[in-house]
Amino acid sequence: MLGIETTCDETAAAIVERDPGGRGHILSNVVLSQTDEHAAFGGVVPEIAARAHVEVLDLLIAQAMAEAQCAFSSLDGIAAAAGPGLIGGVIVGLTTAKAISLVHRTPLIAVNHLEAHALTARLTDEVDFPYCLFLASGGHTQIVAVRGVGDYVLLGNTMDDAIGEAFDKTAKLLGLGYPGGPQVERLARHGDPNRFALPRPMQHRREPDFSLSGLKTALRLEAERIAPLSDRDVADLCASFQQAIVDTVHDRLRAGLRVFTDRFGQPNALVAAGGVAANQGLRRVLRTLTDKAGIRLIVPPPELCTDNGAMIAWAGAERLAAGLTDALDTAPRARWPLATVTHAAARG
Ligand code: KG4
Ligand code: ZN
């Protein structure tokens, strides 16, 4: 399976094999990040992203095919992320996949980007359904019950900012670079997490939802109050912010696992995905939480947590194995909630 990812600021292509036993093998996985092209703007600029995808996608696909020593004629399917994401980039990836599918008469699989994050754990680790997914990226913060291929139930979501977005906005406010998550984490290591009393939004609510814009505002007010900021102030703000996020995730995931267990029984694992899952503080709290609950924790390696082609190829392979393919007139989608994927699979 060839997988193509172009929904945000990574252009990626990969070849993945799914053996008859359902185990996955990554034959190649090429990712080109556009971070440098967006850094000056402090965030992803959609038009720049779309143009950058056009420039390199053909070359990346050729590289992925060469590294996997794979010919187009030996592919069983072409998978592309058809959304959700920045529409210009999605069009580039999906149209390219359609062209290859048409020319080589190979099935097209239009993959939901969130579904791909959700299924990655089955590529890296042997895990059966159902499991609980915690997806924390620059665009999404969701707790999902993954019950099968094409069977997802959204348990919790963010009301406003995504976690990665909150890290990025905090970094921007403090004059740190983009993407902000790694910078905030680096400075937080030398800061005092207790210096600023930041809120833990939604704490103790039964519904496992998130709200992070109030935390961001509280941080801004503290920063304005003590400005101009010394290096120590910045480190303490980063540490206090990260601690508030970690405490919030702990509380919200505990609520999420409770709701999961009530509705579907004990999950076979808690799976983390998305760029924010690279954060060490967050990984520690996931470990604490799952140890206490007696649940297996799966955190795929960072290169498979962030956006990549292998996750798209793998989701394509899982869908193809379930007999789910797509027509060449499938539309690219800026918005595409996971719940509607479930309906499509049930009909298909
Ligand atoms: O999944 P991802 O690569 O792209 C999408 O958003 O789809 O996630 C990127 C996000 C950015 O917001 C980035 O700041 C955040 O993940 N991130 C982190 C860390 N590494 C990346 N956030 C906190 N700590 C990190 N170490
Ligand atoms: Zn993503």
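In this tour, contact means heavy atoms within 4.5 Å of one another. The structure is a predicted model, in which local features need pLDDT of at least 70, side-chain atom pairs count only at pLDDT 80 or more, and totals for chains, interfaces and linings use all residues. Residues are numbered from 1 along each chain as its sequence is written, chains are lettered from A and ligands numbered from 1 in the order in which they are written, and side-chain values use heavy atoms, with hydrogens and water left out.

**Stop 1: threonine 248**

Select threonine 248, which belongs to helix α8 (residues 231–264). Helices (H or I, at least four residues) and strands (E, at least two) are DSSP runs, numbered from the N terminus. With its neighbours within four places in sequence left aside, threonine 248 is in contact with Arg200, Pro201 and Phe210. Its relative accessible area is 3%, so threonine 248 is buried. Buried means under 20% relative accessible area, exposed over 50%, and partly exposed in between, for a 1.4 Å probe and protein chains only.

**Stop 2: the zinc ion**

Next, select ligand 2, the zinc ion. Its protein donors are His113 (NE2), His117 (NE2) and Asp307 (OD), at 2.1 to 2.2 Å from the ion. Donors are N, O and S atoms within 2.8 Å of the metal (3.2 Å for Na, K and Ca); water is not among the atoms, so sites may look incomplete. Along the chain, the donors of the zinc ion are spaced as H-x3-H-x189-D.

Histidine 113 and histidine 117 are separated by about one helical turn, because they stand 4 residues apart in helix α4 (residues 113–124). Both of these histidines are buried.

**Stop 3**

To see the contact, show the side chains of His113, Glu115, Ala116, His117, Leu119, Thr120, Arg122 and Leu123 in α4, which meet Ala310, Met311, Ile312, Trp314, Ala315, Glu318 and Arg319 in α11. By class, this contact of α4 with α11 has 8 nonpolar, 3 polar and 4 charged residues. Here Ala, Val, Leu, Ile, Met, Phe, Trp, Tyr, Cys and Pro count as nonpolar, Asp, Glu, Lys and Arg as charged, and the others, Gly among them, as polar.

**Stop 3: the cysteines**

Select cysteine 8, in the loop between β1 (2–5) and β2 (10–18). Residues up to four places away in sequence not counted, cysteine 8 touches Gln34, Val44, Ala49, His53, Leu86 and Asp307; Asp307 is also a donor of the zinc ion. Cysteine 8 is partly exposed, at a relative accessible area of 26%.

How many disulfides does a search of the whole structure find? The search finds 0. A disulfide is a pair of cysteine sulfur atoms within 2.5 Å. For cysteine 132, the closest cysteine sulfur is in cysteine 305, at 15 Å, too far for a bond. Cysteine 132 is buried, with a relative accessible area of 0%, and cysteine 305 counts as buried at 1%.

**Stop 4: prolines in loops**

Move to proline 84, in the loop between β4 (78–83) and α3 (87–104). The peptide bond from glycine 83 to proline 84 is cis, with omega near -10°. A further cis peptide bond runs from tyrosine 178 to proline 179, with omega near -5°; proline 179 is in the loop between α5 (163–173) and α6 (180–188).

**Stop 5: positive phi**

Most residues other than glycine have a negative phi, and most peptide bonds are trans. Select arginine 105, in the loop between α3 and β5 (108–112), where phi is positive at about 50°. Arginine 105 is exposed, with a relative accessible area of 78%.

Finish at histidine 204, in the loop between α6 and α7 (213–226). Phi of histidine 204 is positive, near 70°, and the residue is exposed at 67% relative accessible area.
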